[in-house]
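Look through the sequence and the structure first, then read the points below.

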Amino acid sequence: MSSGLEAIANELRRLQHDGVDRIFVEDGTMQLIVPPAQDPNLSEQDKDGPGPNLKFTTESVATPKATPLPEPPKIIRPEGDAASQLAWLKDRVLACEVCKDHLSDDGKIVFGTGSAQADIFFCGEAPDADEEREGKAFIGKPGQLLTKITKAMGLSSENVYTTNILKWRPEHDKPYGNRPPTLDEMRFCLPYLKDQLKTIQPKVIVALGNTTVSGLLGHDPARKMGAIRGTWDQFENIPLMISFHPAYLLRNGTLKTKRMVWEDMLQVMEKCSLEISDQKRGFFLPKS
Ligand code: URA
């Protein structure tokens with residue numbers, strides 16, 4: 001490997017260690033670093049690529065729509081109970097012209113699912129292709145893992161609420177991969193998320209992954225996922241647990257990373273006064 005590529009690979013390893021599971025690479029840059037004979041989209045394990053233990057899986061490099069987003073919407077909620085307010089907000093979001101404008105042909109806006117009384121509010125960054133097709137949050141592979149995690153916590157998807165900051169799937173001009181949402185995109189949809197929180201009033205928000213944390217707390221280049229994962233912050237005066245995105249676990253599902261996420265969930269369960277058996281406390285510990 002050339003020293004330039006070696007340096008890039010080292011930086012990617014450092015980011016991966018910090019919990020970053022995707023980076024956004026422009027087409028032009030990709031052409032410079034991937035040898036032309038190789039199809040970058042199939043190069044899971046390329047010969048001249050970044051070396052062992054680092055997969056060069058390229059995700060979409062589509063750029064967001066050039067038209068700037070308008071000011072974020074202002075939400076004035078009607079009176080009513082949580083369920084009717086949530087239903088009202090869902091109609092409001094499904095009618096959002098800006099959201100609709102960003103959908104692909106058969107795509108649907110993804111509002112969120114779960115109980116209006118949920119104590120635990122899982123928040124991701126943006127829908128993937130599966131979610132956009134069905135109009136439901138977290139139903140693809142990462143979502144299935146999240147369902148497993150909630151089941152292991154003794155909960156079902158009816159006891160939790162699951163949504164994303166962005167209510168549409170970031171545009172995409174390739175038949176594969178995902179583009180992380182931009183800060184501007186997340187900023188536009190934030191009032192919708194805030195209103196979901198005001199209505200549901202969960203005891204805990206779980207922020208899944210680095211992009212979600214930036215969308216909620218603002219971008220901070222000095223913030224390292226490896227350092228903040230498993231710690232509490234606050235969003236809208238609600239305790240916020242920062243954890244890895246399930247997509248990160250799918251790619252880096254070692255006993256160690258599984259235990260890290262499980263320890264985050266144990267903290268969430270404690271905060272919500274959920275019963276924790278000794279068996280549950282010991283999940284994903286190395287066998288002695
Ligand atoms: N699916 C979602 O709904 N959200 C994510 O953040 C990732 C996958």
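What is the mean pLDDT of the chain, and what percentage of its residues reach 70 or more? The mean pLDDT is 86, and 81% of the residues reach 70 or more; pLDDT is the predictor's confidence in each residue, from 0 to 100. Over residues 37-52 the pLDDT is below 50, and this stretch has 25 contacts in the model beyond near neighbours in sequence, a contact being heavy atoms within 4.5 Å.

The model is predicted: local features need pLDDT of at least 70, side-chain atom pairs count only at pLDDT 80 or more, and totals for chains, interfaces and linings use all residues. Residues are numbered from 1 along each chain as its sequence is written, and side-chain values use heavy atoms, with hydrogens and water left out.

**The chain as a whole**

- The chain has 12 helices and 6 strands; these are DSSP runs, numbered from the N terminus, with helices (H or I) of at least four residues and strands (E) of at least two.
- Of the 288 residues in the chain, 48% are buried, where buried means under 20% relative accessible area, exposed over 50% and partly exposed in between (1.4 Å probe, protein chains only).
- The accessible surface of the chain is about 14,800 Å², and carbon and sulfur atoms account for 52% of it; such areas come from the Shrake-Rupley method with a 1.4 Å probe, and for residues only the protein chains shown count as cover.
- Among contacts between residues at least 6 apart in sequence, 72% join residues at least 24 apart.

**The ligand site**

- Around the ligand are Gly124, Glu125, Ala126, Asp128, Glu131, Ala137, Phe138, Asn164 and His245, each with a heavy atom within 4 Å of it.
- This shell divides into 3 nonpolar, 3 polar and 3 charged residues; Ala, Val, Leu, Ile, Met, Phe, Trp, Tyr, Cys and Pro count as nonpolar, Asp, Glu, Lys and Arg as charged, and the others, Gly among them, as polar.
- A ligand nitrogen atom lies 3.1 Å from a side-chain N or O atom of glutamate 131.
- A ligand oxygen atom lies 3.0 Å from a polar backbone atom of phenylalanine 138.
- For asparagine 164, a side-chain N or O atom is 2.6 Å from a nitrogen atom of the ligand.
- On its own the ligand has 240 Å² of accessible area, and the protein covers 98% of that.

**Helix H8**

- Thr212, Val213, Ser214, Gly215 and Leu216 are buried in helix H8 (residues 210-217).
- The cover over the buried residues of H8 includes strand E2 (120-124), helix H7 (183-200), strand E4 (204-208), helix H9 (225-228), strand E5 (232-235) and strand E6 (238-243).

**Valine 93 and phenylalanine 111**

- Valine 93 is in helix H3 (residues 82-94) and counts as buried because its relative accessibility is 0%.
- Phenylalanine 111 is in the loop between H4 and E1 and is buried, with a relative accessible area of 2%.
- These two residues are 18 apart along the chain, and 7.0 Å separates the C-alpha atoms of valine 93 and phenylalanine 111.
- Leaving out residues up to four places away in sequence, valine 93 touches Ile109, Phe111, Lys167 and Tyr192.
- With its neighbours within four places set aside, phenylalanine 111 has contacts that include Leu86, Leu89, Val93 and Lys167.

**Histidine 102**

- Histidine 102 is in the loop between helix H4 (97-101) and strand E1 (113-114).
- The relative accessible area of histidine 102 is 7%, so this residue is buried.
- Not counting residues up to four places away in sequence, histidine 102 touches Lys65, Leu69, Trp168, Arg169 and Glu171.

Methods:
Polar contact = N/O pair within 3.5 Å; in protein donor to acceptor, adjacent residues only side chain to side chain.
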